[in-house]
Amino acid sequence: MILTPRLACLAAQVPQGAFLADIGTDHGKLPIALLRAGRIASAIGSDIGAGPLAHAARNAAEHGVTLSLRRAPGLDAVRPEECDTVSIAGMGGQTIAQILAAAPWTTDGAHLLILQPMTMVYELRQWLWAHGHTIERETICREGRRHYVVLSARGGGEARQVPLEACAYSPALLRAPGAADYLQQLYSRERRALAGAERARTADPARLAARRALVAQLEHALEDLQ
């Protein structure tokens, strides 16, 4: 089972011997690869679609592993005692936050969350901090022309209200290999967005101020890394 760079990055964050629940498992590649490698003790694959689950069942049978498959939205078909690690990948950050919000037990501190948002990364960090999660680790990977981040988070901490413009990165991301290159790309993108907003005659002053603060945050982070 060959994983894409993005899924391989995700797999690398799963602890040895974990009891894994993979949400939005699609064809089951992540849990099947981890089971074949002997990295995890058990795996649940949950998905909302019957087609992907049927494909996952065929993949599991082909590779000789036992994968418990559940058809349900989010974590609806997973009990807290069945897993100690939850992976959610290939979705927008807002969707990931909604899945976690619908399963309050994920904030208990006993479950490691390994999250790979495709979009709205800032919003996901903001939600995690607002609900008492600590972002323990961030890993950056590249697939094709895009960079992706994988966040390892755990609940049970103090809730913090952080402005969105301060959620472009976490202290954990600054420690990750490749952080400077990733932040440079973010900085260039946000500077272009700010320039466009400043040219717009109908720009909202509050949003403009937030964009300026975001660009300043990224600039300071890059200076610190250099």
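Entry 1, helix pair. I looked up helix α1 (residues 5-12) and helix α2 (residues 29-36), which pack at an angle of about 55° with their axes 10 Å apart. Helices here are DSSP runs of H or I of at least four residues, and strands are runs of E of at least two, numbered from the N terminus. Axes are lines fitted to C-alpha atoms over the stretch in contact, and angles run from 0 to 180 degrees between N-to-C directions. The angle makes α1 oblique to α2 (under 35 degrees is roughly parallel, over 145 roughly antiparallel, 65 to 115 roughly perpendicular, and the rest oblique).

I noted the model's basis: it is predicted, local features need pLDDT of at least 70, side-chain atom pairs count only at pLDDT 80 or more, and totals for chains, interfaces and linings use all residues. Residues are numbered from 1 along each chain as its sequence is written, and side-chain values use heavy atoms, with hydrogens and water left out.

I found L7, L10 and A11 of α1 meeting K29, L30 and L34 of α2 (contact means heavy atoms within 4.5 Å).

I located S46 in strand β2 (residues 40-47). S46 counts as buried because its relative accessibility is 1% (buried is under 20% relative accessible area, exposed over 50%, partly exposed in between, with a 1.4 Å probe and protein chains only). Not counting residues up to four places away in sequence, S46 touches D22, I23, G24, T25, R70, A72 and G74.

Leaving aside neighbours within four places in sequence, I listed L100, L115, H133, I135, L151 and A153 as its contacts.
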